[in-house]
Amino acid sequence: MLAAASMQEGLAAAAERWATEEGQPRPVLSFASSAAVARQVDEGAPADLVVVADDRWMDWLASRDALKGSPVPLVRNALVAVVPLGKETPVSLAAFAGDEGAGRLAMGEPDSVPAGEFARAALQTMGLWEALSARLAPGDNVRASLALVERGEAAMGIVYASDAAASDRVQVAERIAPAMHPPIIYYAARLSGSQHSHAQDFLDYLASSEGKQAIAEHGFTLP
């Protein structure tokens, strides 16, 4: 399975639970940004399933005949602003934007990474994009952005709520209202090149209430 980087803990938990309950080998999981995952599929990477954080990438894969069947929604996510644990930093994005000496803002690359696209949309809606766009530290995926904040290389970052929940080295400074950006919904689909007979079984499990709950326990919400 190829999946969005922010799904690491949630999908790992779901995969482990399914394998244990069904007596099947644990699915092999590989993670990158949704954009990178979609391109890997298009380039012929061997995989049975794909999970992305933006339905536009699913639409793109469908347009290239890469999918077997229709995508299914799994879980939702939210955006949060995080700062290094224990560091004294501005307590909100607005305060951070107003302090030109506060440092850089880590977030996904806004032109290609869904987390960055959602973050840019939120900052634009909040009227903060102009002040912060020149201070960005863009990452190839949301976990790279989280790592910059964890190491103190960026004073603040915008990541998914699930990423903040997975880290013990950052703290949430602000929760961004969902109305500030388009909905963040993860979709899963089977790939047209799928070869493993149990791939559909695992996809069905992920789409079930039990599978969705296994993922949601790691910082996500149900759709």
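Mentor: Helices (H or I, at least four residues) and strands (E, at least two) are DSSP runs, numbered from the N terminus. With those terms, the loop to look at is the one between helix H3 (55–63) and strand E4, in which Asp65 lies. The model is predicted, so to speak of local features requires pLDDT of at least 70 and side-chain atom pairs count only at pLDDT 80 or more, whereas totals for chains, interfaces and linings use all residues. Residues are numbered from 1 along each chain as its sequence is written, and side-chain values use heavy atoms, with hydrogens and water left out.

Asp65 has a positive phi of about 55°, although it is not a glycine. Asp65 counts as exposed because its relative accessibility is 64%, where exposed means over 50% relative accessible area, buried under 20% and partly exposed in between, with a 1.4 Å probe and protein chains only.

In H10 (residues 209–216) the buried residues are Gly211, Lys212, Ala214, Ile215 and Ala216.

Helix H1, for its part, holds Glu9, which counts as partly exposed because its relative accessibility is 30%. Leaving aside residues up to four places away in sequence, Glu9 touches Arg143, Ala166 and His218, a contact being heavy atoms within 4.5 Å. By comparison, the C-alpha atoms of Glu9 and Ala179, 170 residues apart along the chain, are separated by 26 Å.

Turning to the interior, a nonpolar core is a set of buried Ala, Val, Leu, Ile, Met, Phe, Trp, Tyr and Cys residues joined through side-chain atoms within 4.5 Å. The largest such core has 63 residues, and Met7, Leu105 and Tyr186 have the most contacts inside it. Apart from that core lies another, of 18 residues, including Leu2, Ala32, Ala35 and Val50. In soluble globular proteins, nonpolar side chains tend to be buried together.

For the protein as a whole, there are 10 helices and 10 strands, and buried residues make up 51% of the 223 residues. Among contacts between residues at least 6 apart in sequence, 76% join residues at least 24 apart.
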